[in-house]
Amino acid sequence: VQLQASGGGLVQAGGSLRLSCAASGSTFSSYIMGWFREAPGKEREFVGSISSNGGLTTYSDSVRGRFSISRDNAKNTVYLQMNSLKPEDTAAYYCAAAQSWGRSRSQYDYWGQGTQVTVSS
């Protein structure tokens with residue numbers, strides 16, 4: 001599966017952004033989809049993930065309550081809604097696809113290119 005992330009940009013602290021990740025291929029609905037982010041000088045970290053049917057989500061402690069993940073299997077797209085953004089959310093955001101549930105990068109088989117999110121104070 002090929003993944004294409006979009007929707008990044010520059011936003012003021014407290015603002016919102018919605019990232020999208022479009023997938024090619026007919027097997028999108030069978031994959032667990034995750035979002036990760038990578039800030040300059042830091043390791044890529046787990047943000048959240050959603051089960052293949054959208055019925056289960058999980059988030060990192062740093063974004064829980066502010067970010068939400070959803071998916072539209074008919075459109076082969078997964079979304080990351082980011083609210084109450086903080087300067088520390090500044091990073092390149094990546095979507096990824098996995099066949100097993102978890103937070104480890106190694107569990108994700110396919111990755112999109114990053115989309116940059118910059119939050120100004």
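I looked up Trp111 and found a relative accessible area of 28%, so the residue is partly exposed. My scale runs from buried (under 20% relative accessible area) through partly exposed to exposed (over 50%), with a 1.4 Å probe and protein chains only. The model is predicted: local features need pLDDT of at least 70, side-chain atom pairs count only at pLDDT 80 or more, and totals for chains, interfaces and linings use all residues. Residues are numbered from 1 along each chain as its sequence is written, and side-chain values use heavy atoms, leaving out hydrogens and water.

**Aromatic rings**

I then turned to ring pairs. Rings of Phe, Tyr and Trp (its six-membered ring) pair if their centres lie within 6.5 Å; planes under 30 degrees apart are stacked, over 60 edge-to-face, and the rest tilted. I get five aromatic pairs by this rule. Phe36 and Phe46 have ring centres 5.6 Å apart and planes at 80°, so I note this pair as edge-to-face. Phe36 is in strand 4 (residues 32–38) and Phe46 in strand 5 (residues 45–50), ten residues apart. Strands here are DSSP runs of E, at least two residues long, numbered from the N terminus.

Phe36 is buried, at 1% relative accessibility. Phe46 is buried too, with a relative accessible area of 9%. Phe36 also pairs with Trp111: the centres are 4.9 Å apart, the planes at 55°, and the pair is tilted. This pair links distant parts of the chain, since Trp111 sits in strand 10 (residues 108–111), 75 residues from Phe36. I list one aromatic cluster made of Phe36, Phe46, Tyr108 and Trp111.

Next I checked for a charge over a ring (NZ of Lys or CZ of Arg within 6 Å of the ring centre and within 35 degrees of the ring normal). Arg44 lies over the face of Tyr94, 3.6 Å from the ring centre. Arg44 also lies over the face of Trp111, at 5.1 Å.

**Cores**

A nonpolar core is a set of buried Ala, Val, Leu, Ile, Met, Phe, Trp, Tyr and Cys residues joined through side-chain atoms within 4.5 Å. The largest one has 28 residues. Among those with the most contacts inside it are Trp35, Phe67 and Met82. Elements giving two or more residues to this core include strand 1 (3–6), strand 3 (17–23) and strand 11 (115–120). A second, separate core has six residues, including Ile32, Phe36, Ala96 and Ala98.

For contacts I used heavy atoms within 4.5 Å. Leaving aside neighbours within four places in sequence, Met82 touches Gly15, Tyr93 and Val117, among others.

**Asp89**

Is Asp89 buried or exposed? Asp89 is buried, at 0% relative accessibility. This residue lies in the loop between strand 8 and strand 9. Beyond its neighbours within four places, the contacts of Asp89 include Arg37, Arg66 and Ser84.

Last, I traced a sheet. Two strands pair if DSSP finds at least two bridges between them. Four strands form an open sheet in the order 1-3-8-7, with antiparallel pairing. Strand 1 and strand 7 are the edges, each pairing on one side only. Strand 7 and strand 8 share six bridges in the antiparallel sense. Ser70 stands opposite Tyr79 in strand 8.
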